[in-house]
Amino acid sequence: MQRSPTPQGTVDHERHYTQAVEMSEIAAHKSATKVRYQACMPGRRSRPGILLIRCRVGLSELRYRDSRRYGSVHDRLAKERMTRLAIIGTGYVGLTTGVCFAHLGHDVVCGDIDAGKVARLSRGEVPIVEHRLDELLAEGLRNGNLRFVVGAAAAVADAEIVFLCVPTPQGDDGSADLSYVEAAAREIAQVLPYECIVVNKSTVPVGSTRVVERVLQRPDVRVVSNPEFLREGSAVDDFLRPDRVVVGCEDRSAAIAVGALYDSIRAQVIVTDPASAETIKYAANAFLATKLSFVNAIAAVGEP
Ligand SMILES: NC(=O)c1ccc[n+]([C@@H]2O[C@H](COP(=O)([O-])OP(=O)(O)OC[C@H]3O[C@@H](n4cnc5c(N)ncnc54)[C@H](O)[C@@H]3O)[C@@H](O)[C@H]2O)c1
């Protein structure tokens, strides 16, 4: 398994380019129609300056490639139906993620610092109004593959993959507050099982995967970006029938293991590097905001 030689916070264009070329070779040999391939590299491609989605490839192709070339604990996870998951934070994103993954058959432990919330969730009480969330929460509790505990450290004790779903509130200057993400990472750093995968689902600025890596200080742990696109009000449906699942990781076997969690919902899984995954989330948010502004502007024109 290779670790990125890229300095913290920077992007190794040369390596992305090489990866993209390798992936295009797979496309040539396997079902090329299934592979969405795009490589943009300043100075090497005809569109200088375009960094977004430098390299993306279908999950099935990555899995095919890894099964031939690598062997690791992550490959085993990718093959197994059920994975032991820990979800840190049980807000809109964390609760929906935990409940839906339990519904998909995974073994899920959700950890939150709010003991009252943990107690209510353990009794099957849902604090938010989301279609089917109460039904799926009850199902997970009944089946015994969904539990709630107090604290991040208690949740990760037996986990193979950990999802960080903690808040990243916006400050007065518009910047995201990463202190919750860093605090959660610090809390679990010493108790994460060997070769665990940590997935960041919180919305974070580009480069934050590196921040989590720095806080964890665990060379055996891979950090993956898997941004969430759900909408409040249709969270369960958005999770179970997503337009796309974006997995940002430089370690292929970890990307496959995370993408495989979504196998049974047959989502389109796009694998890219962490910085691109983080950029995709911000780009999607910015696009939605732009559409809203446009609609509001048109409404203002239409008003008498
Ligand atoms: N709400 C949405 O529609 C939405 C959609 C996509 C992405 N996101 C992003 O997902 C992230 C989470 O958002 P949310 O709406 O679920 O937040 P939220 O405020 O509803 O929930 C966060 C939860 O994390 C818990 N928490 C905080 N620190 C913790 C710690 N150290 N250990 C354990 N639990 C901890 C809090 O008690 C709370 O229950 C944010 O980055 C947000 O921007 C939100």
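Q: What share of the 304 residues of the protein chain counts as buried, and what makes a residue buried?
A: The share is 40% of the 304 residues. A residue is called buried because 20 or more other C-beta atoms lie within 10 Å of its own; with 12 or fewer it is exposed, and in between it is partly exposed, the C-beta atoms being placed from the backbone. The model is predicted, so local features need pLDDT of at least 70 and side-chain atom pairs count only at pLDDT 80 or more, while totals for chains, interfaces and linings use all residues. Residue numbers start from 1 along each chain as its sequence is written.

Q: Why is a set of residues called a nonpolar core, and how many residues has the largest one?
A: The name applies because the set holds buried Ala, Val, Leu, Ile, Met, Phe, Trp, Tyr and Cys residues joined through C-beta atoms within 7 Å. The largest nonpolar core has 66 residues, with the most contacts inside it made by Ile88, Val162, Leu164, Val247 and Val258. Helix α4 (residues 92-103) contributes the most, with seven residues. Leaving aside residues up to four places away in sequence, Val258 touches Ile161, Ile197, Val199, Val224, Asn226, Val247 and Cys249.

Q: How do you know that strand β3 is mostly covered?
A: Six of its six residues are buried. Asp107, Val109 and Gly111 point one way, and Val108, Cys110 and Asp112 the other. In a regular strand the side chains alternate between the two faces of the sheet.

Q: What makes β3 a partner of strand β2 and of strand β4?
A: Two strands pair if DSSP finds at least two bridges between them. Five bridges join β2 (residues 84-88) to β3, in parallel. Another parallel pairing, of β3 with β4 (residues 146-150), also has five bridges. Both therefore meet the cut-off for pairing.

Q: Why is a β-α-β crossover called right-handed, and which elements make such a unit with β8?
A: With the strands pointing away from the viewer, the path from the first strand over the helix to the second runs clockwise. β8, helix α11 (residues 252-260) and β9 make such a unit. Four bridges join β8 (residues 245-248) to β9, and the two run parallel. Val246 has Ile270 as its bridge partner in β9.

Q: What makes a residue part of the shell around the ligand, and how many residues are there?
A: Its C-beta atom, placed from the backbone, must lie within 6 Å of the molecule. There are 26 such residues, and Gly89, Gly91, Tyr92, Val93 and Ser202 come nearest. Elements giving two or more residues are α4, β3 (107-112) and α8 (179-188). α8 gives the most, with four.

Q: How do the residues of this shell divide by type?
A: Twelve are nonpolar, eight polar and six charged. Ala, Val, Leu, Ile, Met, Phe, Trp, Tyr, Cys and Pro count as nonpolar, Asp, Glu, Lys and Arg as charged, and the others, Gly among them, as polar.

Q: What is the phi of Glu195 and of Gln217?
A: Glu195 has a positive phi of about 60 degrees, though it is not a glycine. Gln217, also not a glycine, has a positive phi of about 55 degrees. Most residues other than glycine have a negative phi.

Terms used:
Two residues are in contact if their C-beta atoms, placed from the backbone, lie within 7 Å.
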